[in-house]
Amino acid sequence: DKAILEASAKHPIVPLEKGKFYTYGTAGFRMKADLLEGISYRVGLLASLRSRKLNGQAIGVMITASHNPAADNGVKIVDPLGDMLEQDWERYATALVNAPSDEQLVEVYNRLATELKIDLKSPSKVIYGRDTRPSGHKLVTALADGLEAAKAEFVDYKILTTPQLHYLVRATNSEGTPLSYGKVSEAGYYEKLAEAFVRAMKGRRINGTLQVDCANGVGGPKLSEFLKYIPKDKVNFDVKVVNDDVLRPEVLNLECGADFVKTKQRAPPNPKPQPGVRSCSLDGDADRLIYYWVDPETGFVMLDGDRISSLAASFIGDLVESAGLKDDLRIGVVQTAYANGASTNYITQHLKLPVICTPTGVKHLHHVAQGFDIGVYFEANGHGTVLFSPDALSAFRKKEPQSPAQKDALDTLAALGDLINQTVGDAISDMLMVEVILAHKNWTLRDWAMTYADLPNRLVRVEVGNKDLFQTTDAERRLLHPEGAQDEIDQAVKKYKDARSFARASGTENACRVYAEAATRSEANELAERVARIIE
Ligand code: 16G
Ligand code: ZN
């Protein structure tokens, strides 16, 4: 207790206004970096408890604020399989972080240990990493002090992408078991991806250079490092890395990156967009991916998370059929309310696959995707992955092929199982998956975009007095409160063709968001404005 008390005094919590609390939100604790030092210390305590509760399995902590401005930062906890912290524990995190004094912190810590039947002398292991934000330094120091005070064993992996940290957590916990996820090192991550990429490509050629905008974040140096692992004689992957300046913190996510491209619906102004260049953007911690190109005739065309999702579902669905596994494996797609209605139609009607809609936030999608043998999940913003069940992975390896075509399909599926990050959405891994699929189909980005036409859509942010008044149901597609608001939205939607709209409170900002789609751009804009006025 003494150690915890003393170290806590070095990393104080910044008190909030009366009645306000820090909350473990959709992406952990995320805010201006100067509020986070005490929080990071306390998250160290919590992570050590979580590890002890789970018999000393490694728990991860990632310090990042993803696509948010450079002055922000965040702290989030990763569970042993590399997925997000179990939801029940979010309250414990909130309880520890909001303890008003050092003494009360110790009290809450001990109370949690008693309530959860945690032996504070048992082994505990925590591994952590951070993105390129300068504030990360101070935050990992506070985190390490928390881990030391709690007498946990820990490993500092320094600068990593978020998905790399998730990989390392799973690799650490599966090391030496039959389910080993890969070598426990950053190099192990690159080796695994490079090997699976070569295997999945099977000598096919990639058509044209890919320009990758790295949001001036951690993805830049990590992608460049990864590229060294690809054997040039086996795959031609010509990548031009841009916006990879991690030395000037102020340019992080500034007018570039996946979030910029998706929300602004245009290419980053730098480097100056050239017509026809195959391009994609990562976000600040490299867990989101958006493809696009500037068409000489029609202008900017974007291929977002919904497109990646439908591309993956279509390709993997075909492979499963060719492999003769159609009756054995259930494939499904998971989306949120933000998914473009045209993508949902394409998946259900053309690909004939089930689609489930969940609330926003990776943890929700991930959980539902685990219910399928092959669960494809992407948020429209470009975060997502494809999860394979143990049954699916073993079927790819064990099924006796009845023909060369069947063998080919099984091999490709097995390679995808290794290529696609199974812990969380991973921009580098997803990009390799997209490249593999396009190469197999011999498709350009235009061919990909031709599969269906997106409905014009508009997203607006609405300042509201108290966002907590906005309660939703039906995977955030309908408002329960304020009373009457949903009826008004329904009336507004009825006035437009092929229209859909919803309003929800943001989980990461103090505001509401309104999404609208309709048959034409002007109708989508008009509907969004109308709904915004309803909830204002
Ligand atoms: C977080 C979520 C992201 C979600 C976004 C929504 C994770 C790792 N990240 O960034 O998936 O799309 O929040 O933000 O779950 P909003 O609630 O402010 O709209
Ligand atoms: Zn991110």
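User: Is Ala142 buried or exposed in this predicted model?
Analyst: Ala142 belongs to helix 5 (residues 136-149) of the predicted model. A residue is buried if 20 or more other C-beta atoms lie within 10 Å of its own. Ala142 has 25 C-beta neighbours inside 10 Å, so Ala142 counts as buried.

User: How far apart are the C-alpha atoms of Ala142 and Gly82?
Analyst: Along the chain, Ala142 and Gly82 are 60 residues apart.

User: What confidence does the predictor give the chain and the complex?
Analyst: Of the residues, 100% score at least 70, and the chain averages a pLDDT of 97. For the complex, the predictor gives a pTM of 0.97 and an ipTM of 0.96.

User: Into which domains is the chain divided, and how far apart are the C-alpha centres of domain 1 and domain 4?
Analyst: The chain is divided into domain 1 (2-159), domain 2 (189-301), domain 3 (305-436 + 444-449) and domain 4 (457-535). Between the C-alpha centres of domain 1 and domain 4 the distance is 35 Å.

User: Which residues are the closest to ligand 1, and between which domains does the ligand lie?
Analyst: Ligand 1 is surrounded by 13 residues, and the closest are Thr26, Val362, Ser506, Gly507 and Thr508. By class, its shell has eight polar, three charged and two nonpolar residues. Residues of the shell come from both domain 3 and domain 4, so ligand 1 lies between domain 3 (305-436 + 444-449) and domain 4 (457-535).

User: What span should helix 4 have, and what is the distance between its end C-alpha atoms?
Analyst: Helix 4 (residues 102-115) has 14 residues. At 1.5 Å a residue, helix 4 should span 20 Å. The distance between its end C-alpha atoms agrees with this, at 20 Å.

User: Where on helix 4 do its buried residues fall, and which exposed residues does the face turned away from them carry?
Analyst: Leu105, Val108 and Tyr109 are the buried residues of helix 4. Seen down the helix axis, they fall within an arc of 100 degrees, so they line one face of helix 4. The face turned away from that buried side carries the exposed residues Glu103, Thr114 and Glu115.

User: How many residues of helix 15 are buried, and what phi does Asn442 take just after this helix?
Analyst: Helix 15 (residues 427-441) should span 21 Å at 1.5 Å a residue, and its end C-alpha atoms are 21 Å apart, which agrees. Helix 15 is mostly covered, with 13 of its 15 residues buried. Just after helix 15, Asn442 has a positive phi of about 55 degrees.

User: Which residues does a cis peptide bond join in the model?
Analyst: Most peptide bonds are trans. Another has an omega of about -5 degrees, and its Pro482 is in the loop between strand 17 (478-481) and helix 17 (485-494).

User: Lys352 and Glu476 have a positive phi; is each buried or exposed?
Analyst: Most residues other than glycine have a negative phi. Lys352, in the loop between helix 11 (341-350) and strand 12 (355-358), has a phi near 55 degrees, and Glu476, in the loop between strand 16 (471-473) and strand 17, has a phi of about 70 degrees. Lys352 has 9 other C-beta atoms within 10 Å, whereas Glu476 has 25. Lys352 is therefore exposed, and Glu476 is buried.

How values were computed:
Residues are numbered from 1 along each chain as its sequence is written. Chains are lettered from A and ligands numbered from 1 in the order in which they are written. This is a predicted model: local features need pLDDT of at least 70, side-chain atom pairs count only at pLDDT 80 or more; totals for chains, interfaces and linings use all residues. pLDDT is the predictor's confidence in each residue, from 0 to 100. A residue is near a molecule or strand if its C-beta atom, placed from the backbone, lies within 6 Å of it. Ala, Val, Leu, Ile, Met, Phe, Trp, Tyr, Cys and Pro count as nonpolar, Asp, Glu, Lys and Arg as charged, and the others, Gly among them, as polar. Domain bounds come from an automatic or database domain assignment. Helices (H or I, at least four residues) and strands (E, at least two) are DSSP runs, numbered from the N terminus. The expected span of a helix is 1.5 Å times one less than its number of residues. A residue is buried if 20 or more other C-beta atoms lie within 10 Å of its own, exposed if 12 or fewer, and partly exposed in between; C-beta atoms are placed from the backbone. The arc is that of the directions from the helix axis to the C-beta atoms.
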